[in-house]
Amino acid sequence: MSETTPSTYGAGTIPHCYRHPQRETYIACQRCGRPICPDCMRQASVGFQCPDCVREGAASTRPARTPFGGKVTVSTSVVTVSLIVANVAVFLVASVTGGMSGRFTRVTGLLPDSAPFPPQSHLQGVAEGAYWELFTSTFLHLQLLHIAMNMIGLWIFGSFLESALGRWRYLALYLLSGLVGSVAIYCFAPTTSFSLGASGSIFGLFAAALVVLLRQRRDVSQLLVLLVLNLVITFTVPSISWQAHVGGLLAGLALGAGFAYAPRSSRTAVQLAVMGVLVVACVGFTIARTAALTA
């Protein structure tokens, strides 16, 4: 059936919806003039528009962006909540499968080199090909206090950064900071150490929040005091992996600078380049460390 517009109607002609020809209507789209029935009416600033015109208008309208290039979303903490749920889920699985002695923990925690351990230990280190441990260990916690402190930090810094950076940039920041922290452990921690936790990611968020706040010309004195306190704890309290904390911190500073200070004209390209450099560096250091341990 051919489409008609109100201008073609003759005397006594009853218009019908262009999408539902069997329905009579006297309402026309304010944009294209085609008749539309109540099911096809979409509220516009003036009158109503048809679904096709609404889609065309949405496609031609640039989405709102944060100052650092991310899409503005109504629910700004979806990724943060999802990351908290993922960490808690892994914590529960580890708890019910034997904790530190469970197989789940043995295959997800970060062990640089399992060669010194007897074969019956069933341990597998990164040097033996368990590269997934560089990632999975950043979601693994065994102690309630440990996960509680990390998740509080994730909620505080994550909610702010997800709103400021947008979801995908924020997620990349979290994952890459954790990865850099794990690679730092692999390269600089004792080869038989066993590491786990999201601290590298949290320190990355900490550092990125500092850079973003500086870019926004906001007071960061309290944040600096908190950072210094955490670094003192990192290097004075036994059993804390300073490698993960420092690695995550440096990654957060680099990514935060890329997100906050990239020129607007080439913002996405610069930000992707910073992320790419970190990924390449992680791969390079991992390959070099593996070669040294297996030589």
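Ser137 touches Thr108, Gly109, Leu110, Ser182, Ser195, Leu196 and Gly197, residues up to four places away in sequence not being counted; contact means heavy atoms within 4.5 Å. The model is a predicted one, in which local features need pLDDT of at least 70 and side-chain atom pairs count only at pLDDT 80 or more, while totals for chains, interfaces and linings use all residues. Residues are numbered from 1 along each chain as its sequence is written, and side-chain values use heavy atoms, with hydrogens and water left out.

**Ser137 and its setting**

Ser137 is found in the loop between helix H4 (133–136) and H5. Helices (H or I, at least four residues) and strands (E, at least two) are DSSP runs, numbered from the N terminus. With a relative accessibility of 2%, Ser137 counts as buried; the term buried stands for under 20% relative accessible area, exposed for over 50%, and partly exposed for values in between (1.4 Å probe, protein chains only). Ser137 and Ala198 are 61 residues apart along the chain, and their C-alpha atoms are separated by 7.8 Å.

**Overall architecture**

The protein contains 10 helices and 2 strands. From the N terminus on, its elements run β-β-α-α-α-α-α-α-α-α-α-α. Its radius of gyration is 27 Å, well over the 19 Å that the globule rule gives for 295 residues, so the protein is more spread out than a compact globule. The radius of gyration is taken over C-alpha atoms, and the globule rule is 2.2 Å times the number of residues to the power 0.38. Along the principal axes, the C-alpha trace spans about 95 × 45 × 35 Å.

Of the 295 residues, 43% are buried. Among contacts with a separation of 6 or more, 63% come from residues 24 or more positions apart. The accessible surface amounts to about 15500 Å², and carbon and sulfur atoms hold 66% of this area; the areas come from the Shrake-Rupley method with a 1.4 Å probe. There are 19 positive and 10 negative side chains, with the centres of the two sets 7 Å apart. Lys and Arg count as positive and Asp and Glu as negative, whereas His and the chain ends are not counted.

**Nonpolar cores**

The largest nonpolar core has 52 residues, of which Leu154, Leu161, Leu173, Tyr174 and Leu205 touch the most other members. Two or more residues of this core come from each of helix H2 (78–96), helix H5 (144–165), helix H6 (167–188), helix H7 (199–215), helix H8 (221–236), helix H9 (242–261) and helix H10 (267–294). Apart from this core lies another, of 8 residues, including Cys17, Cys29, Ile36 and Cys40. A nonpolar core is a set of buried Ala, Val, Leu, Ile, Met, Phe, Trp, Tyr and Cys residues joined through side-chain atoms within 4.5 Å.

With neighbours within four places in sequence left aside, Leu161 is in contact with Gly166, Tyr170, Leu173, Leu205, Ala208, Ala209 and Val212.

Tyr174 lies in helix H6 and, at 0% relative accessibility, counts as buried. Leaving aside neighbours within four places in sequence, Tyr174 is in contact with Leu83, Asn87, Thr138, Phe139, Leu154, Ala198, Ser201, Ile202 and Leu205. Tyr174 and Gly248 stand 74 residues apart in sequence and 9.1 Å apart in space, C-alpha to C-alpha.

**Residues with accessible area**

Ile152, in helix H5, is partly exposed, with a relative accessible area of 49%. The C-alpha atoms of Ile152 and Ala59 are separated by 39 Å, the two residues being 93 residues apart along the chain.

Arg217 and Ser239 are loop residues, and a positive phi is found in Arg217 and in Ser239, neither of which is a glycine. Their values are set out below.

| Residue | Loop | Phi | Relative accessibility |
|---|---|---|---|
| Ser239 | Ser239: between H8 and H9 | Ser239: about 70 degrees | Ser239: 82%, exposed |

Definitions and conventions
Charge placed at Lys NZ, Arg CZ, Asp CG, Glu CD.
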